Amino acid sequence: MAKTYIRVDDRLIHGQTIVAWCPTLGIQEIIAIDDESAKNPMLRSILTMGVPKQYITHIVTTEEAKEILKQESDKNRLVIVKFPSLLVAIKDEIQGCEQIILGNMAKRPDTNHQVTGATGIFFLSDEDITNIDGLIKEGFKVSFQQLPNAAGTSWETFKKSI
């Protein structure tokens, strides 16, 4: 049976995704969910230009993602979102995922927590924390892991550094 992994990374698809995460997780299908990128042909092109043809790649809106994720797949999937709030919107469709892996989130106007011990590029808002806590309560496994060859940290442990 195929597995689904979730990555929170505000860069969506980039070199690290292709050369590190996809091979490590045995990914065959990439689903990047971002309404703005999905509606902009230039952004879609930029996000997919470095993706080898071996990967089925989707740059989709939240609603399109819900439809794709409802369908059974025999391919290991990597779902990538920019922010935890989107995971709340698709939580029914990602039930049973292997794990949610927190990665890169740059500073935004609403972020007021910089995670210490991270690479300096992981900032959270109060809403992000509430959303992740809610996902944990619903049974999702959430961890922070910058690279696949780095040790992962559970959300509970990671949250203490905030």
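This is a predicted model: local features need pLDDT of at least 70, side-chain atom pairs count only at pLDDT 80 or more; totals for chains, interfaces and linings use all residues.
Setting aside neighbours within four places along the chain, Ile 132 is in contact with Pro 84, Leu 102, Leu 124, Val 142 and Trp 155. Ile 132 belongs to helix α6, which runs over residues 126-137. Is Ile 132 buried or exposed? Its relative accessibility is 2%, so it counts as buried, the cut-off for that being under 20%.

One of those partners, Leu 102, has a list of its own. With neighbours within four places in sequence left out, Leu 102 meets Arg 7, Val 8, Phe 122, Ile 132, Val 142, Ser 143, Phe 144, Gln 145 and Trp 155. Leu 102 also stands out in the largest nonpolar core, which has 29 residues: together with Ile 33, Leu 87 and Ile 100, it touches the most other members. Apart from that core lies another of 17 residues, including Ile 18, Leu 47, Val 51 and Ile 59. As a general background, nonpolar side chains in soluble globular proteins tend to be buried together.

Next comes His 113, found in strand β6 (residues 113-114). Beyond its neighbours within four places in sequence, His 113 is in contact with Phe 122, Phe 123, Leu 124, Ser 125, Asp 126, Ile 129 and Ile 162.

| Pair | Separation in sequence | C-alpha to C-alpha distance |
|---|---|---|
| Ile 132 and Ile 100 | 32 residues | 9.6 Å |
| His 113 and Asp 128 | 15 residues | 9.9 Å |

Now to helix α4, which spans residues 62-70. Which of its residues are buried? They are Thr 62, Ala 65, Lys 66, Ile 68 and Leu 69. These residues lie on the same side of α4, because they cover an arc of only 165° around the axis. What do the buried residues of α4 pack against? Their partners are strands β2 (29-33), β3 (56-60) and β4 (77-81), along with helices α2 (35-38) and α5 (84-89).

Met 42, Ile 46 and Met 49 make a nonpolar surface patch of about 360 Å². Of these, Ile 46 sits in helix α3, residues 41-48. Ile 46 has a relative accessible area of 47%, so it is partly exposed.

Conventions
Residues are numbered from 1 along each chain as its sequence is written. Side-chain values use heavy atoms; hydrogens and water are left out. A nonpolar core is a set of buried Ala, Val, Leu, Ile, Met, Phe, Trp, Tyr and Cys residues joined through side-chain atoms within 4.5 Å. Buried means under 20% relative accessible area, exposed over 50%, partly exposed in between (1.4 Å probe, protein chains only). Contact means heavy atoms within 4.5 Å. Helices (H or I, at least four residues) and strands (E, at least two) are DSSP runs, numbered from the N terminus. The arc is that of the directions from the helix axis to the C-beta atoms. Patches are made of residues with over 30% relative accessible area and no salt bridge: like charges are joined within 9 Å, nonpolar side chains (Val, Leu, Ile, Met, Phe, Trp, Tyr) within 5 Å. Accessible areas come from the Shrake-Rupley method with a 1.4 Å probe; for residues, only the protein chains shown count as cover. A salt bridge is a side-chain nitrogen of Lys or Arg within 4 Å of a carboxyl oxygen of Asp or Glu.
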